[in-house]
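Please read it alongside the sequence and the coordinates.

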Amino acid sequence: MQALRHDWTKEEIQAIYDKPFLDLVYEAATIHREQKDYNEVQISSLISIKTGGCAEDCSYCPQAARYQTDLEVQPLMQLGQVVSAAVKAKEGGASRLCMGAAWREVRDNRDFDRVIEMVKAVNDMDMEVCCTLGMLTETQAQRLADAGLYAYNHNIDTSEEDYKRIISTRTYDDRLNTIKNVRKAKLTVCSGGIIGLGETPADRVAMIQTLANLPQHPESVPVNALVPVKGTPLEDQPRVPIWDMVRMIATARIVMPNSVVRLSAGRNEMSTLEQAFCFMAGASSIFAGDKLLTTPNPAFADDMVMFELLGLKTREAFKNGRPKNTIKEEVVV
Ligand code: SAM
Ligand code: DTB
Ligand code: SF4
């Protein structure tokens, strides 16, 4: 087992990213196959608990209020709606439920109280609960942890140098600061990015370097291919070549060997063979269910056909042990 490093240079990561394609896949696959459950894939299901009307200007995002997209804005869901969605996701084979809100940051109000109730309810269903709610303070992260949250998703999206081109309403440091707050609350971190934003290969390498040189690697690293949405500034971006997606997954797998790399947005446009290459290169997690947050994703049934074809198995919840904060409260009668 390779020792974890937090001192990667850009040159080292670039050299990995630029390897001949099959050498890169072989190296990543070799590292991936050192894990005993290498044929297991973790399934997360996404629910958009609050959709659209967001104050930020992320140029890829259909949920930013300032872009004219075809999205229907929806207020924060009721607890019962979330529980029904969680039941459906669990029946479909998901071990993790990720709740996303189109918020710039969490505010200490009744909406947050309701999210806390959602976290408790889903954790009680023995699913790993993840949230992605925008920026968080340390106290808010702690409140989520106390409610039984398992992971917090907060992507850095691209390189620090490229960030201002993509988002002007917050800084890279804002993003890193929330990740720090999540760590202080002892939650697991899910952080990755998007390719296909018009970034250079050097930006991709710099993004991986930032993630790999955090004091602790994110437990989960989502690699998203941009889903271009009409009305957003990036609507005309060309589709990400599959070669680049595989290179990103393989590079992340090699430099963060203990992390779970998630083949995230963009699967709807990929063939089974293309996805098979992503799994070969070390992806071991996906978002399943026919919708991501607002855009289409393959149906559960189609994914199960793919799993059967490739001999993949779904990973159960809490495979690495149940953290103390997610142990259900005893009901005293
Ligand atoms: N508002 C919160 C935030 O920004 O952290 C949570 C929701 S936000 C939609 C979650 C992540 O989805 C973003 O960080 C981005 O990486 C990803 N995302 C959003 N729109 C996307 C798109 N069109 N294609 C691919 N990924 C996208
Ligand atoms: C992540 O990295 N990708 C997911 C999840 N984390 C929250 C979101 C993808 C969103 C794709 C665009 C949409 O459906 O709105
Ligand atoms: Fe808002 Fe998140 Fe979309 Fe940015 S990515 S506009 S913060 S919902």
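Helix axes here are lines fitted to C-alpha atoms over the stretch in contact, and angles run from 0 to 180 degrees between N-to-C directions. With that convention, helix α5 (residues 138-146) and helix α7 (residues 172-184) pack at about 45°, their axes being 8 Å apart. The model is predicted.

**Packing of α5 and α7**

- Angles under 35 degrees count as roughly parallel and those of 65 to 115 as roughly perpendicular. At about 45°, α5 is therefore oblique to α7.
- The crossing of α5 and α7 is right-handed.
- On the α5 side the contact involves Glu-138, Ala-141 and Gln-142, which meet Asn-181, Val-182 and Lys-184 of α7.
- By class, two nonpolar, two polar and two charged residues make up the contact of α5 with α7.

**Packing of α1 and α8**

- Helix α1 (residues 10-17) packs against helix α8 (residues 201-212) at an angle of about 120°, with 9 Å between the axes.
- Angles over 145 degrees would count as roughly antiparallel; α1 and α8 are therefore oblique to each other.
- The crossing of α1 and α8 is right-handed.
- From α1, the contact takes in Lys-10, Ile-13, Gln-14 and Tyr-17. From α8, it takes in Pro-201, Ala-202, Arg-204, Val-205, Ala-206, Ile-208 and Gln-209.
- The class count for the contact of α1 with α8 is seven nonpolar, two polar and two charged residues.

- Within helix α10 (residues 272-280), the residues Gln-275, Ala-276, Cys-278 and Phe-279 are buried. These residues cover an arc of only 160° around the axis, which puts them on the same side of α10.
- Several elements cover the buried residues of α10. Among them are the helices α2 (21-32), α9 (242-255) and α11 (300-310). The strands β1 (40-50), β8 (260-263) and β9 (283-288) are also included.
- One of these elements, α2, packs with α10 at an angle of about 60°, with the two axes 8 Å apart. That angle makes α2 oblique to α10.
- Phe-21, Leu-22, Val-25, Ala-29 and His-32 of α2 form the contact with Phe-277, Phe-279 and Met-280 of α10.
- By class, the contact of α2 with α10 has seven nonpolar residues, one polar residue and no charged residues.
- Phe-279 is listed among the buried residues of α10 and also takes part in the contact with α2.
- Gly-282 follows α10 and has a positive phi, near 110°.

**Positive phi at residues other than glycine**

- Lys-186 is not a glycine, yet its phi is positive, at about 60°. Lys-186 belongs to the loop between α7 and β5 (188-190).
- The cut-off for exposed is over 50% relative accessible area. Lys-186, at 72% relative accessibility, therefore counts as exposed.
- Phe-318 is likewise not a glycine and has a positive phi, of about 55°. Phe-318 is placed in the segment after β10 (313-314).
- The cut-off for buried is under 20%. Phe-318, at 11% relative accessibility, therefore counts as buried.

**Two buried positions**

- Ile-167 sits in the loop between α6 (160-166) and α7. Its relative accessible area is 1%, so Ile-167 is buried.
- Leaving aside residues up to four places away in sequence, Ile-167 touches Asp-57, Cys-58, Tyr-60 and Asp-157.
- The C-alpha atoms of Ile-167 and Gly-231 are separated by 16 Å, while the two residues are 64 residues apart along the chain.
- Gly-100 is part of strand β2 (residues 96-101). With a relative accessible area of 4%, Gly-100 is buried.
- Leaving aside residues up to four places away in sequence, Gly-100 touches Ile-47, Ser-48, Ile-49, Lys-50, Thr-132 and Leu-293.
- Gly-100 and His-6 are 29 Å apart in space, C-alpha to C-alpha, and 94 residues apart in sequence.

How values were computed: Residues numbered from 1 in each chain as written. Chains lettered and ligands numbered in written order. Predicted model: local features only at pLDDT ≥ 70, side-chain atom pairs only at ≥ 80, totals over all residues. Heavy atoms only, no water. Buried < 20%, exposed > 50% of the residue type's maximum accessible area, 1.4 Å probe, protein only. Helix = DSSP H or I, 4+ residues; strand = E, 2+ residues; numbered from the N terminus. Arc of directions from axis to C-beta. Contact = heavy atoms within 4.5 Å. Left-handed = near helix turned anticlockwise from the far one by under 90°. Nonpolar A, V, L, I, M, F, W, Y, C, P; charged D, E, K, R; others polar.
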